[in-house]
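Me: Please pick one part of this model and take me through it closely. After that, show me what the rest of the chain looks like, and spell out the terms as you go.

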Amino acid sequence: MTVAVDERRDIVCEDLVRIYTAEGVEVQALQGLNLRVDAGEVVAVVGASGSGKSTLLNILSGLDTPTAGVAKVAGHDMLTMKGRERVRYQRHTVGFVWQQTSRNLLPYLTAAENVAVPAAIAGRRSRAERVELLLEAMGVAHCGDRRPGEMSGGEQQRVAIAVALVNEPRVLLADEPTGELDEATSADVFEAIRHANTEFGVTVLVVTHDQTVAGHVGRTVQIRDGRTATEILRRTELDEHGQEQHIAEEFAVLDRAGRLQLPDDFVGALRLEDRVRLALEPDHIGVWPDEREGRE
Ligand SMILES: Nc1ncnc2c1ncn2[C@@H]1O[C@H](COP(=O)(O)OP(=O)(O)OP(=O)(O)O)[C@@H](O)[C@H]1O
């Protein structure tokens, strides 16, 4: 039974911890993060600067090793993966898109050549057709013969997605893919990422501080202080007039130990601090401020 459940999960992080030690000072970048992404999902991890987003992506891409916990991508264990498995993993299992366009594309090659490079390294046949198909799918067929310096930032990132997809990865990881773009161009890039999911079936994890990503993905996970805090799930329903309604609902993440992090605005609205009163009701749990006498 457990195997069947794991096969559906392309990304599993359980109690993931990453501690950096710099000049004798410890920084806990990830403090027991929990995250699960099912095969075929598009999930965004959103958080403020310093919340641990890049640390998470570096671990999932096999560039960094966690200090403790579980991190698995498409069955590969990020804590134990070494040498040849790591190379195979980075070449075939995952595709990456980074914030800096210069990290995604080689400046002296055209878009088509950039897409062809990882395919050539992997020894793929029929490369030209695959390159053409991907540039077309990402809406940048017109950029095939241009070098990165001759394309807009948004076009470069869409070519970068094509590069990431060329070896048919199971998972696409994107770290701030719109960090250097304006809002309209960012929306195009997020749509291209979504299109990669619907057309090629790739599971997607986008890490960003850009809250507008929520409008483009099925699930947005909020990360705070190296932990996943709340989630927003989007779904589409038909109303009584047959019109599509987009519904976004916020959920708190409950970890395996039963810990729950309340959203900041809930805590602020009721001025909750230190201790709260709990009551188990038939279908919900009540949470109240601690208003015993003597408390301010
Ligand atoms: N190599 C490192 N050595 C020491 N501390 C680090 C290192 N990398 C990251 N950190 C610290 O870990 C924490 C999380 O950093 P991380 O880069 O993952 O955050 P982030 O959410 O990606 O931030 P940003 O959006 O600014 O890139 C921060 O406090 C950061 O200073």
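Reply: Let's start with strand β11 (residues 244–252), which is hardly covered: of its 9 residues, the count of buried ones is 0. Buried here means that 20 or more other C-beta atoms lie within 10 Å of a residue's own; with 12 or fewer it is exposed, and in between it is partly exposed, with C-beta atoms placed from the backbone. Strands are DSSP runs of E with at least two residues, helices are runs of H or I with at least four, and both are numbered from the N terminus. Before going further, keep in mind that this is a predicted model: local features need pLDDT of at least 70, side-chain atom pairs count only at pLDDT 80 or more, and totals for chains, interfaces and linings use all residues. Residues are numbered from 1 along each chain as its sequence is written.

What does β11 pair with? Its partner is strand β10 (residues 227–238), in the antiparallel sense and over 9 bridges. Two strands pair if DSSP finds at least two bridges between them. Leu238, for example, has Glu244 in β11 as its bridge partner. The hairpin of β10 and β11 has 5 residues between the strands, and Gly242 takes a positive phi near 80 degrees there.

Another spot to look at is Pro282, in the loop between β12 (276–280) and β13 (285–289). Because Pro282 has 4 C-beta neighbours inside 10 Å, it counts as exposed.

β6 runs parallel to strand β7 (residues 171–175), joined by 4 bridges, and Gly95 has Leu172 in β7 as its bridge partner.

There's also an open sheet of 4 strands in the order β2-β1-β4-β5, with antiparallel pairing. β2 and β5 (76–77) stand at the edges with a single partner strand each, so one side of each has no neighbour in the sheet. Strand β4 (residues 68–73) pairs with β5 over 2 bridges, and Val73 meets His76 of β5 as its bridge partner.

Now for the inside. The largest nonpolar core has 64 residues, and those with the most contacts inside it include Leu60, Val115 and Leu205. Such a core is a set of buried Ala, Val, Leu, Ile, Met, Phe, Trp, Tyr and Cys residues joined through C-beta atoms within 7 Å. Its largest share, 7 residues, comes from helix α7 (residues 153–165). Leaving out residues up to four places away in sequence, Leu60 touches Ile11, Ala71, Val73, Met78, Leu173 and Leu205; contact means C-beta atoms, placed from the backbone, within 7 Å.

Finally, zoom out. The chain has 9 helices and 13 strands, and buried residues make up 34% of its 296 residues. Its C-alpha trace spans about 75 × 60 × 40 Å along the principal axes.

Key. Two residues are in contact if their C-beta atoms, placed from the backbone, lie within 7 Å.
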